[in-house]
Amino acid sequence: MYGMVNKAIEEMICRMHDETTWERVKARAQVDVDVFISNETYPDEVTHRLVGAASELTGRPAAEILEAFGEHWVLKTATEGYGSLMEAGGKNLPDFLANLPNFHSRVAMIFPQLLPPNFNVSDVTERSLKLHYRTHRSGLASFVVGLLRGLGRRFGTAVRVGLEQSRENGAKHDVFLVEW
Ligand code: HEM
């Protein structure tokens, strides 16, 4: 994944804890990178190892770290670094979710080697929809839950997210029921 992902993990850990904790996370993950470069790509394993080490060091489950990271990504990384892209995504939660399937095609203009997630929506009502998430990566469902919660906070909309179908339980892809 692009270095900006690992940089955002660094920023979240420094914000929630401190720089010493971040250095300990890197050491525990055996990640020997001084400074992550945003627009360089790193093996996905680096990101997974950082999350795993953060979980071991803080005693919080990895799913909880990924969820917090999803919120941080929307509310800090994306909003502060890519404000205009986020604004183009939609003016409220339902619009933003409806536009999500196309969102990363704009991101790919900035990051040409992006391997983006694939989103689709179905069963749209006034207060809910189903979000279908497909990816060649694994273990990121909790990240998506955090992203959705972050979007709810971005738009000041109370949101409930449930995992209706899960790849971990044998489904072909993850399906989230998002209600607001
Ligand atoms: C301007 C805002 C955003 C930017 C710049 C951005 C950029 C990125 C980047 C660089 C990656 C790593 C993939 C790679 O390097 O190949 C990524 C992954 C991902 N993004 Fe975004 N993203 C943004 C907003 C969002 C939003 C709003 C969502 C969903 C609500 C989202 C969902 C995801 C997911 C789930 C992944 C994990 C990759 C996978 O599932 O395979 N992103 N994004």
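The C-alpha centres of domain 1 and domain 2 are 22 Å apart. Domain 1 covers 3–60 and domain 2 covers 67–179, with bounds that come from an automatic or database domain assignment. Between them, 13 residues of domain 1 are in contact with 12 residues of domain 2, contact meaning heavy atoms within 4.5 Å.

A word on the source. This is a predicted model, in which local features need pLDDT of at least 70 and side-chain atom pairs count only at pLDDT 80 or more, while totals for chains, interfaces and linings use all residues. Residues are numbered from 1 along each chain as its sequence is written, and side-chain values use heavy atoms, with hydrogens and water left out.

Let us turn to the ligand. Which residues come nearest to the ligand? Of the 26 around it, they are Tyr2, His104, Tyr133, Thr135 and Arg137, where a residue counts as near if one of its heavy atoms lies within 4 Å. By class, this shell has 23 nonpolar, 2 polar and 1 charged residues; Ala, Val, Leu, Ile, Met, Phe, Trp, Tyr, Cys and Pro count as nonpolar, Asp, Glu, Lys and Arg as charged, and the others, Gly among them, as polar.

Finally, the individual atoms. In the side chain of histidine 104, an N or O atom is 3.0 Å from a nitrogen atom of the ligand. For arginine 137, a side-chain N or O atom lies 2.8 Å from a ligand oxygen atom. Tryptophan 73 places a polar side-chain atom 3.5 Å from a nitrogen atom of the ligand. Thank you.

Conventions. A polar contact is a pair of N or O atoms within 3.5 Å; within protein, one must be able to donate a hydrogen and the other to accept it, and residues adjacent in sequence count only if both atoms are side-chain atoms.
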